[in-house]
Protein chains: 2
Amino acid sequence: MNIGEVAELSQVNSKMIRRYEEQGIIPKAGRSLSGYRQYTQKDVHVLRFVKRSRELGFSMKDVKQLVSLWRNKNRPSSQVKSIASKHIEELERKLQEIQSMLSTLKYLTNNCHGDQRPDCPILEGLEFNKSKELHL
Amino acid sequence: MNIGEVAELSQVNSKMIRRYEEQGIIPKAGRSLSGYRQYTQKDVHVLRFVKRSRELGFSMKDVKQLVSLWRNKNRPSSQVKSIASKHIEELERKLQEIQSMLSTLKYLTNNCHGDQRPDCPILEGLEFNKSKELHL
DNA sequence: CTTGAGCTTCCCATAATGGGAAGGTTTAAG
DNA sequence: CTTAAACCTTCCCATTATGGGAAGCTCAAG
């Protein structure tokens, strides 16, 4: 099948399919006589794996390794787990960061009248570095 | 003072100070005879405001508006609050996304032996779209 | 044969940060 | 006075992941 069909089936945009091929995340597709990329159901399978990995927030670098491990039937699961664990740590770091931002922002926003008057705790909070106080 | 000193005082990299000037987030600095940018304590103040805003995750577009409102002593606080509220919504969206990823990833990772054996629930989870089941 | 849909490659844009080059300036030391 | 270090200038490039759009070729149907 052509790239359009595989894009539809895998729910991965054809632009992205080409890019993944460039980056060596998926194998280079065969070509028809006229140069069209040719795919099989197997490629759909791989692309779904890639898509799911991206949905879980793995970087392309990670996805590349994951696909490679997925295909290697002799992989040690420790390697997979290591990648996932690092990713979890990274996500937890981001989570904390966002929670911290939210905590400050909500505090400031709750105290802002939000009317015609110019006085605004949000701007004051941005002006002075009160973040530490806010979190006490 | 020169850009290096103001960078030190504001904790904003000089590369970034120039970029912020380009983007109209901070006013164009005056120049010395030889073309060096010249700053005052006031500029440090603005840059700290920018930095703090970035630390709270506001986009440069938002920061530009916030700086503008900050300088306009007749601003309605409603405009500031509106920007902050939208940002809070966006952060909450991201928070949910990350929490959802983490929930799935932790489940998969907890069930992975992480040893020499090749069988791996993480890879299986990426292969089949089990996310919905996982969240039940 | 023409037309439209689908494919190809190549360039550009996004958002924010920063590295590095090539070259001018200032300052301090010799 | 000269020289070298440290600092400044602008300009280009890289990052991460995704996608828009152009120019041109191909395929299928009328």
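# Exercises on a two-chain helical model

Helices (H or I, at least four residues) and strands (E, at least two) are DSSP runs, numbered from the N terminus.

The model is predicted, and local features need pLDDT of at least 70, side-chain atom pairs count only at pLDDT 80 or more, while totals for chains, interfaces and linings use all residues. Residues are numbered from 1 along each chain as its sequence is written, and chains are lettered from A and ligands numbered from 1 in the order in which they are written.

## Exercise 1

Describe how helix 3 of chain A packs against helix 4 of chain A, beginning with the axes.

Step 1. The two axes come within 10 Å and cross at roughly 135 degrees. Axes are lines fitted to C-alpha atoms, for helices over the stretch in contact, and angles run from 0 to 180 degrees between N-to-C directions.

Step 2. Helix 3 of chain A and helix 4 of chain A are therefore classed as oblique to each other. Angles under 35 degrees count as roughly parallel, over 145 as roughly antiparallel, 65 to 115 as roughly perpendicular and the rest as oblique.

Step 3. Helix 3 of chain A contributes Val46(A), Phe49(A), Val50(A), Ser53(A) and Arg54(A), and helix 4 of chain A contributes Val63(A), Leu66(A), Val67(A) and Trp70(A). Contact requires that the C-beta atoms of two residues, placed from the backbone, lie within 7 Å.

Step 4. These contact residues divide into 7 nonpolar, 1 polar and 1 charged. Ala, Val, Leu, Ile, Met, Phe, Trp, Tyr, Cys and Pro count as nonpolar, Asp, Glu, Lys and Arg as charged, and the others, Gly among them, as polar.

## Exercise 2

State at what angle the axes of helix 1 and helix 3 of chain A cross, and which residues meet there.

Step 1. Helix 1 (residues 3-10) and helix 3 (residues 41-55) of chain A have axes that come within 9 Å and cross at roughly 50 degrees. Helix 1 of chain A is thus oblique to helix 3 of chain A.

Step 2. The handedness of this crossing of helix 1 and helix 3 of chain A is right-handed.

Step 3. From helix 1 of chain A come Val6(A), Leu9(A) and Ser10(A); they meet Asp43(A), Val44(A), Leu47(A), Arg48(A) and Lys51(A) of helix 3 of chain A. By class, the contact of helix 1 with helix 3 of chain A holds 4 nonpolar, 1 polar and 3 charged residues.

## Exercise 3

Determine which rotation and which shift superpose chain A on chain B.

Step 1. Chain A is superposed on chain B by a rotation of 180 degrees with 0.0 Å of shift along its axis (RMSD 0.1 Å). The two copies are thus related as by a two-fold rotation axis. The superposition is by least squares on the C-alpha atoms of residues with pLDDT of at least 70 in both.

Step 2. The residue of chain A that comes closest to the rotation axis is Leu95(A), whose C-alpha is at 3.2 Å.

## Exercise 4

Step 1. In the interface, 47 residues of chain A are in contact with 47 residues of chain B.

Step 2. Two or more residues each are given by helix 3, helix 4 (60-71), helix 5 (77-110) and helix 6 (121-127) of chain A. Helix 5 of chain A gives the most, with 21 residues.

Step 3. This side of chain A has 22 nonpolar, 14 polar and 11 charged residues.

Step 4. The copies meet through the same surface, because 100% of the interface residues of chain A are also interface residues in chain B.

## Exercise 5

Compare two residues: is Ala7(B) buried or exposed, and is Gln11(A) buried or exposed?

Step 1. Ala7(B) belongs to helix 1 (residues 3-10) of chain B. Ala7(B) is buried, with 20 other C-beta atoms within 10 Å. A residue is buried if 20 or more other C-beta atoms lie within 10 Å of its own, exposed if 12 or fewer, and partly exposed in between.

Step 2. Beyond its neighbours within four places in sequence, Ala7(B) is in contact with Val12(B), Asn13(B), Ser14(B) and Ile17(B).

Step 3. Gln11(A) lies in the loop between helix 1 and helix 2 (14-22) of chain A. Gln11(A) counts as exposed, with 11 C-beta neighbours inside 10 Å.

Step 4. Most residues other than glycine have a negative phi. Gln11(A), although not a glycine, has a positive phi of about 65 degrees.

Methods. Left-handed = near helix turned anticlockwise from the far one by under 90°.
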